[in-house]
Amino acid sequence: MNKTSPLLSIIIPTKDRYNYLFEVLITLSDYVWSKNDVEIVIQDNSLDNIEIINFLNKKHKITQIIRYFHSNESLSQAGNSNLATLNARGEYLCFIGDDDCVHKDIIRAVKWMKENKYEILNNTKPEFIWSDLTPTRLGDSFSGMLFSYSYSGSSKIKRSDIQLKKHLKTGGQYIKNLPQFYHGIVKKSLLDKIYEESGTYFPGPSPDMAVATALTKYSDFFVVVDFPLIISGKGARSVGGMGAKGKHIGDIRDISFLPKDTADKWTTDIPFYWSGSTIFAESVIKSLNNTNREALVDNFNFNYLYARCLVFDSKYKKDIITAHKKNKNSSLLLVYFYFVKIWIKRIKIFVINRSILKKLTKLVYHFNVNNIKEAIKILNSETKKIKAPWI
């Protein structure tokens, strides 16, 4: 990094969602950051960007540390995210969506990472539900809610190889087990190793899962901090919002934000439709192949994947059964075993969330939170007395 490079780049790929982005940027204006510490890289793929040009020309306080890039080319999520990462100059990078936000302590956390030579940091993420997301597929209205936790401020080290092994055993479904760039913090030089080997920072159709899987090759361990450094936002027009409304499913060829060759290069053993389960699995397989770890695909638990698809995507039962039958290593008995196991877990969560038992969990519920700025104020208040490792 040269002398003009900041310590941290917060990258925000965006497309046609200025209503979220502007509110996030105005919220970040409350933080006192210097150009030496932070830059915000906005990578915009909107067809018409006059609205953001006008916003930036108004000289908000935050615009002093914004570097804005725009592309008219039709890009996938992975393609736009790749450009954002290429344009970042920071020694460390944090990747968030345009409906997400970060805690004011993030720069202190990065300085702590550098001092302790940590290359990757995961954190316990709260979730803010934007007011336009209602109702959910379960009929519940979580609009304007902040789901937080009882944070301890503690940190622990996890081994990347062990977490990848666990991840493959569960059909590549749970990204929280992996070192994360999306909603995490990663040293840029580590990400550059992925780019050098695969020609992209995101070697799979789902950017978050693809890069998380790839990072397990280049990092022996990562640190996990029980502190809300990154706030996950969920708006009606986000992929997460689509999932909450039961719309996170469909024909692969109809999903405009996927790479154009996704359907043509689809892994035969994965059911041929788009959902959270299938795109995560496909991204894990593609990431392993593109980082020259094809042998690890043998450890991928397709039986768990089929079971999860049957639980959550029953509409596509024929496609799931077809993939199972084509896979010579798949066992119908194991599929049924995992099917029951997943349902039991789902019922437990349902019961806990709708009973007095939820008081025994670490979850903290905040209702009637009007915007992301209010959510940040609540989190700042909650974390005032927490002794994080950088304090």
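The buried residues of helix H1 are Tyr-18, Tyr-20, Leu-21, Phe-22, Val-24, Leu-25, Thr-27 and Leu-28, where buried means under 20% relative accessible area, exposed over 50% and partly exposed in between (1.4 Å probe, protein chains only). Helix H1 spans residues 18-28 and is mostly covered, with eight of its eleven residues buried. Helices (H or I, at least four residues) and strands (E, at least two) are DSSP runs, numbered from the N terminus. The model is a predicted one, in which local features need pLDDT of at least 70 and side-chain atom pairs count only at pLDDT 80 or more, while totals for chains, interfaces and linings use all residues. Residues are numbered from 1 along each chain as its sequence is written, and side-chain values use heavy atoms, with hydrogens and water left out.

What do the buried residues of H1 pack against? Their partners are strands S1 (8-14), S2 (38-44), S3 (66-70) and S5 (101-102), together with helices H2 (50-57) and H13 (372-382).

Another buried residue is Ile-120, with a relative accessible area of 1%. Ile-120 belongs to strand S6 (residues 120-123). Leaving aside neighbours within four places in sequence, Ile-120 is in contact (heavy atoms within 4.5 Å) with residues including Met-113, Pro-179, Ile-185, Leu-215 and Phe-222.

Attention now turns to the aromatic rings. Rings of Phe, Tyr and Trp (its six-membered ring) pair if their centres lie within 6.5 Å; planes under 30 degrees apart count as stacked, over 60 as edge-to-face and the rest as tilted. By this rule, the count comes to 24 aromatic pairs. One of them is edge-to-face: Phe-147 and Tyr-365, 5.6 Å centre to centre with 75° between the planes. Phe-147 lies in strand S8 (residues 146-149) and Tyr-365 in strand S15 (residues 363-366), so this pair ties together parts that are 218 residues apart in sequence. Phe-147 counts as buried at 15% relative accessibility, whereas Tyr-365 is partly exposed at 22%.

A stacked pair is formed by Tyr-273 and Tyr-316, with 4.3 Å centre to centre and 15° between the planes. This pair links distant parts of the chain, 43 residues apart: Tyr-273 sits in the loop between strands S13 (249-250) and S14 (274-275), and Tyr-316 in the loop between helices H10 (302-312) and H11 (317-326). Both Tyr-273 and Tyr-316 are buried.

Elsewhere, Phe-95, Phe-181, Tyr-182 and Phe-202 make up one aromatic cluster.
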